[in-house]
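Here is a short briefing on one protein model. Look at the sequence and the structure first, then read the points below.

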Amino acid sequence: MKPTESELEILQVLWAKGPSTVRQVNDHLSQTKDVGYTTTLKLMQIMHDKRLLSRTEEGRYHIYQALVDEKETQQHLLDRFVDTAFRGSAMKLVMQALGNSKATPQELEELKKLINNLNPSSNNESR
């Protein structure tokens, strides 16, 4: 599963708002970019064919819903990004992210907690 950038934008709307019509998705997308209704409709039809979305009829409307899980999709995209941009090194990604912005003391503390939770044996060794 490899959603395009435009497909990912549609998925993000559906993840946030839940089942929606093409009009509802298009109205949301058009708040931040110039996108036509027919373009959104075509993309959502393609996504339905690719089994990224389900579609049910309610009267004259088709209601679309994401078939892919948000967290799984994020993990897949992140894994692919780390593999291609950082040659598989999560450490390089984190160092780049931390080097480009100033992390607050609270964020650094949260990172320490995350690292300790990911590798609990290191807690015992460092004491």
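Glu110 is partly exposed, with 48% relative accessible area (buried is under 20%, exposed over 50%, partly exposed in between; 1.4 Å probe, protein chains only). The model is predicted: local features need pLDDT of at least 70, side-chain atom pairs count only at pLDDT 80 or more, and totals for chains, interfaces and linings use all residues. Residues are numbered from 1 along each chain as its sequence is written, and side-chain values use heavy atoms, with hydrogens and water left out.

**Salt bridges**

- The whole structure holds three salt bridges (a side-chain nitrogen of Lys or Arg within 4 Å of a carboxyl oxygen of Asp or Glu).
- Glu110 pairs with Lys113 in one of them, at 3.8 Å from N to O.
- These two residues are three apart in helix α6, so about one helical turn separates them (helices are DSSP runs of H or I, at least four residues; strands are runs of E, at least two; both are numbered from the N terminus).
- Lys113 is partly exposed too, at 43%.
- Glu7 bridges to Lys50, with the closest N and O atoms 2.9 Å apart.
- Glu7 sits in helix α1 and Lys50 in the loop between α3 and β1, so the pair ties together parts 43 residues apart in sequence.
- Glu7 is buried at 3%, while Lys50 is partly exposed at 42%.

**Helix α6**

- Helix α6 covers residues 105-118 and includes Leu108.
- Leu108 is partly exposed, with a relative accessible area of 38%.
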